2 protein chains.
Amino acid sequence: MRTVEWNYETDKFQMIDQRLLPGSFEIAVYEDYRLVAQAITDMVVRGAPAIGAAAGFGLALAARQSNAQDVPALRADLEAAANHLKQARPTAVNLAWALDRILRATAQIQGNAHQLKGAVLAEAQKIADEDVQINLSIARHGAELIEDGDTIIHHCNTGALATVDWGTALGVIRMAHNQGKRIHVLVDETRPRLQGARLTAWELSQYHIPYDIITDNAAGYFLSTGQVQKVFFGSDRTAANGDVANKIGTYMLALAAHDNQVPRYAVVPTSTIDLALSSGPEIPIEERDSSEVLGLTLLGHQVAPQDASARNPAFDVTPHRLVTGIVTENGVAYPPYKESLKRMVAG
Amino acid sequence: MRTVEWNYETDKFQMIDQRLLPGSFEIAVYEDYRLVAQAITDMVVRGAPAIGAAAGFGLALAARQSNAQDVPALRADLEAAANHLKQARPTAVNLAWALDRILRATAQIQGNAHQLKGAVLAEAQKIADEDVQINLSIARHGAELIEDGDTIIHHCNTGALATVDWGTALGVIRMAHNQGKRIHVLVDETRPRLQGARLTAWELSQYHIPYDIITDNAAGYFLSTGQVQKVFFGSDRTAANGDVANKIGTYMLALAAHDNQVPRYAVVPTSTIDLALSSGPEIPIEERDSSEVLGLTLLGHQVAPQDASARNPAFDVTPHRLVTGIVTENGVAYPPYKESLKRMVAG
């Protein structure tokens, strides 16, 4: 199954519950768009492209739930639901992008409320289907950057689980592997939610790609001792100047790669490029609950003191000067990004 | 009690078992130097100065254990025991430093085996006592670098638990706090053994110094958003050129501080300065068991897949170009370190 999908037999929306992986594989089923918003906040689903697709299907649920008898009333309900869904997480731009796209695409629908409801689901499905195709295009462009024998550091999870299917940065690695290139992946465990150790390791096992998990703070050791040829990561939002907001730790990783002349690539569908934002510091950075940092046990022991407090920013901004290239479905953008990203978005 | 100490009532060596903190406070008691070596390997005790003192007392145990009837036979037993203890961990230079110092100090002892045994314990005790005084001198020099209102990132644990008592980098922060300066500490949790989240947080709670735990990969966010004024860390071995080998992650932290013009200080007793090594890449870096990375549960779930593998370097090298100053008991060394460190070691 896909990470997020509409089930046309039950007419319900379903997602893999990523909080339980790799320990158990469970499907969460939704009939209420408000619970989809909560699931995005709680990280049942995460990864910018997957969040965008989930929000789209959430809006399709909102359409089903609406009791509006005419098109204007239904549109008002959809706009309220879209605003609610947009609040679920602040950093990834795909959330707003997908919702705005559906509202825009269905703005001219003539006919009755039933037809509008169908059009909303159709557009959400189109976003999901396109995501898979976009990822395959990204993967083909990105795989050209990988050479046989490369050891690659990968941050967070950007695989099938972060998208509708296939993946972005991990999709590039997967494509290069399928082309017969021998690759070894050093998997940043990616504290605090450990998407690398949990999800990326699980995906790489399934694809039979050799890997080792490393702590995030060990990346510098492997980079500075000449053991790494490339660094790949995703982006939850990319500004017009090429600044990249991605999972916390990406900035320090890119900096260490830069310090050792190891190329580092952001891998992004153009839907995550926000040309309305001129630079990274304008991107809102989500700070999540401190329990994600403090709720850890090691070898059976509670880690932090009972009265400890913590700060937990979920993303950071990697300045464009540290990014060698940005891989999109329309090709690889290189500096100066102000021009090259515009070309990528235009297609 | 001290972190490591000889108990003159029982004539045994005892240490706080740091693996169990902060959940429980237990004292481990030793009568066999081989078990002290194993305890150093297993990180019952850690931190370069504490390891040095523990090894010294371990050698005193070896003297007690020896059945040698004359001084030459006892010396041979001591040298064998010192060689065994030196193998316990490779990176911290204090281990070899303390053992060589005791062998050297007792080389000229006249008299019988009993007197030599007493001299070994006396020198081990002297190393431990001096460590506390050295830390206080370090703290006074270092505290001058801290201003009222500073937010400081601290890596790993360099407090009373990493030394015989008081601490090095954390001792500097503690001294500045005692001087009435208002300080907030961002505590790197320091994967994989989480000495920051476990030990530094526990110590800061006891000293009533305000802090927040952060994941190691979040340091760059706080540095790049202007929320940090200083970075302090220890060193397990410092080369003649000022390159610093310290707990894994120090390099990426120093790099991120450097990228944001935030001063970063290594805080080291001169016993950790190895003038025989010209630069950092010559320092042996310990790689520890992968279970330290993989043996993690988050919110009750096993993190990594069952068949996952991991790499686990315990230290990295921070090049001297990233180190603003090196605080010692004899003052603060600044670049060029080749000259200034020589002066510090000479006293």
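**Around the axis, then a helix pair**

Tutor: Let's start at the rotation axis: Thr297(A) is the residue of chain A that comes closest to it, with its C-alpha at 2.8 Å. Bear in mind that this is a predicted model, where local features need pLDDT of at least 70 and side-chain atom pairs count only at pLDDT 80 or more, while totals for chains, interfaces and linings use all residues. Residues are numbered from 1 along each chain as its sequence is written, chains are lettered from A and ligands numbered from 1 in the order in which they are written, and side-chain values use heavy atoms, leaving out hydrogens and water.

Turning chain A by 180 degrees, with 0.0 Å of shift along the axis, superposes it on chain B at an RMSD of 0.0 Å (least squares on C-alpha atoms of residues with pLDDT of at least 70 in both copies). That is the relation of a two-fold axis. The copies meet through the same surface, because 100% of the interface residues of chain A are also interface residues in chain B.

Now for a helix pair in chain A. Helices H2(A), residues 48-65, and H4(A), residues 94-105, have axes that come within 7 Å and cross at roughly 35 degrees (axes are lines fitted to C-alpha atoms over the stretch in contact, with angles from 0 to 180 degrees between N-to-C directions; helices are DSSP runs of H or I, at least four residues, numbered from the N terminus).

Methods
Contact = heavy atoms within 4.5 Å. Helix = DSSP H or I, 4+ residues; strand = E, 2+ residues; numbered from the N terminus.
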